[in-house]
Amino acid sequence: AGPANRNLPFVVEADNAVYTDIEQTSQFSGNVILTQGTMVIHAANVETIVDPEGYQYATAKGGNKGLVHFRQQREGTNEWIDAYGEELIYDGKQNLIHLRRKAIMRRLSPAGKLIDEIKGDELVYNQLTEVFESKAVPGVSGRTKVIITPNSNASQK
Amino acid sequence: MNQQPSKLRYWLRFHLPNLIYLLLLVAVAGASYWLVQSNSDTATTSDNKNSELINAFASGLEVSRTGKNGKIAYLVTAKEVLHYGTDNATVKNITVVATPKDGSPVVTATANDGVWNDKDHIVQLTGQVNIQREAAADSAAMSLVTEAINVDLYNDLASTDLPFEYKNGTNIVTGTSFAYDYGLRNLKMGGQPNTRIKAILTNEVKPAK
């Protein structure tokens, strides 16, 4: 979540939940929807944990067609980041979103038109700088594929 | 040539006494069987009349169990006893305090009404049920509010199928149905058809030391 969203609470809806007091973890399952400001994550299972400093972390797995779906509005614009992957890790302290395995991240115009797209084995999106990068995963012979649409005036409207 | 009448006279003289004697025997046997039967019925009804029944009325109640470690595992108190029966007590203004294991935080449940079941040590709490787990070194204080729960004191388990609200520090969870194992300190929520769990988890970042 961008600077404005960062301190907003997580709102999680699910069919079931198990809270383990000692480890301070919550496991949500069954059509899980996690929102924080404009960030929305859809998954089959989400586990959240709080670190001693109070930062939230979340690990999401599975979902529609086995993929976690992440969506967030870019700060100060009407553009959207739309991403998928088999696993998503949200790091509340560093404001990073890690997407792993079959990871795709797209930047969409307000009208939903594709502007940029990146595919890879592991993608990392920095919510503060709003930069997403592809990481090589040791031992995995994957490739990164990037589609960048020239920044024409039309795309500004 | 009167053959026929002598046969009858012979039967009357020799067989009739035996027949009469046999009938007498059957009558005596039947009467004694009936007598024995009716005596045993009256015997069992008198046993039932004397079975042990307890009916007591008291102003307050306190029940506690001390565990093998010599410490009180749970303490049930009630301000008013409506009725104390053979193996249960109906009470008002009830408090259940449980300390499942050494070092684990104390859990207290209060409610308007309660039914204490002596056989399996289950307490049914109804009416503004409030479960409080005191703060622990690793966790803020926690509360669960609902309308009715069962507390299984032998298995450290409080459960309901009703709507609830759960608070842990600044986090709030609402939903329907929970099973709180206060011994293992884990809380299972949801699972009822067509119901959803909603959690609001606050990002409460503590300033760096």
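The legends below describe close-up views of a predicted model.

**View 1. The largest cavity is lined by residues of chain B.** Its space comes to about 70 Å³. The count of cavities of 30 Å³ or more is 1. Three strands of chain B each give two or more residues to this lining: β3 (88-98), β4 (107-117) and β6 (142-152). The lining includes B:V96, B:A98, B:V107 and B:A109. B:I131, B:I149, B:V151 and B:L153 also take part. B:A158 and B:Y182 belong to the lining as well.

**View 2. The largest pocket has residues of chain A and chain B nearest its centre.** The volume of this pocket is about 510 Å³. Its lining consists of 27 residues. Nearest the centre lie A:Y19, A:Q24 and A:V50 from chain A, with B:N168 and B:N171 from chain B. From chain A, the elements giving two or more residues are β2 (16-20), β3 (25-36) and β4 (39-50). From chain B, they are β7 (157-168), β8 (171-181) and β10 (197-201). The largest share, 3 residues, comes from β4(A). How many residues of this lining are charged? There are 4, beside 12 nonpolar and 11 polar residues.

**View 3. The second largest pocket has residues of chain B nearest its centre.** About 210 Å³ is the volume here. In the lining are 17 residues. B:R65, B:A73, B:T99, B:P100 and B:K101 are the ones nearest the centre. Which strand gives the largest share of the lining? It is β2 (residues 72-84) of chain B, with 3 residues. The lining divides into 8 nonpolar, 3 polar and 6 charged residues.

View 4. Chain A puts 30 residues into the contact, and chain B puts in 25. Between the two chains, 17 residue pairs are in polar contact. On the side of chain A that touches chain B, strands β1 (10-14), β2 and β3 of chain A each give two or more residues. That side of chain A has 15 nonpolar, 10 polar and 5 charged residues. The interface also holds 3 salt bridges.

**View 5. A salt bridge links A:D21 and B:R185.** How far apart are the closest N and O atoms of this pair? They stand 3.0 Å apart. A:D21 sits in the loop between β2 and β3 of chain A, and B:R185 in the loop between β8 and β9 (186-190) of chain B, so the pair joins two chains. Over all chains, the whole structure has 16 salt bridges.

**View 6. A:N31 has a positive phi in a residue other than glycine.** The phi value of A:N31 is near 50 degrees. Where is A:N31 found? It is found in strand β3 of chain A.

View 7. A:K65 lies in the loop between β5 (56-61) and β6 (68-73) of chain A.

Methods. Residues are numbered from 1 along each chain as its sequence is written. Chains are lettered from A and ligands numbered from 1 in the order in which they are written. This is a predicted model: local features need pLDDT of at least 70, side-chain atom pairs count only at pLDDT 80 or more; totals for chains, interfaces and linings use all residues. Side-chain values use heavy atoms; hydrogens and water are left out. On a 1 Å grid over the protein atoms alone, a cavity is a set of points where a 1.4 Å probe fits but cannot get out, and a pocket is an open set with protein on both sides within 12 Å along at least five of seven lines; lining residues have an atom within 4 Å of a point. Grid points are joined across faces, edges and corners, and a volume is the space filled by probe spheres set on the points. Helices (H or I, at least four residues) and strands (E, at least two) are DSSP runs, numbered from the N terminus. Ala, Val, Leu, Ile, Met, Phe, Trp, Tyr, Cys and Pro count as nonpolar, Asp, Glu, Lys and Arg as charged, and the others, Gly among them, as polar. Contact means heavy atoms within 4.5 Å. A salt bridge is a side-chain nitrogen of Lys or Arg within 4 Å of a carboxyl oxygen of Asp or Glu. A polar contact is a pair of N or O atoms within 3.5 Å; within protein, one must be able to donate a hydrogen and the other to accept it, and residues adjacent in sequence count only if both atoms are side-chain atoms.
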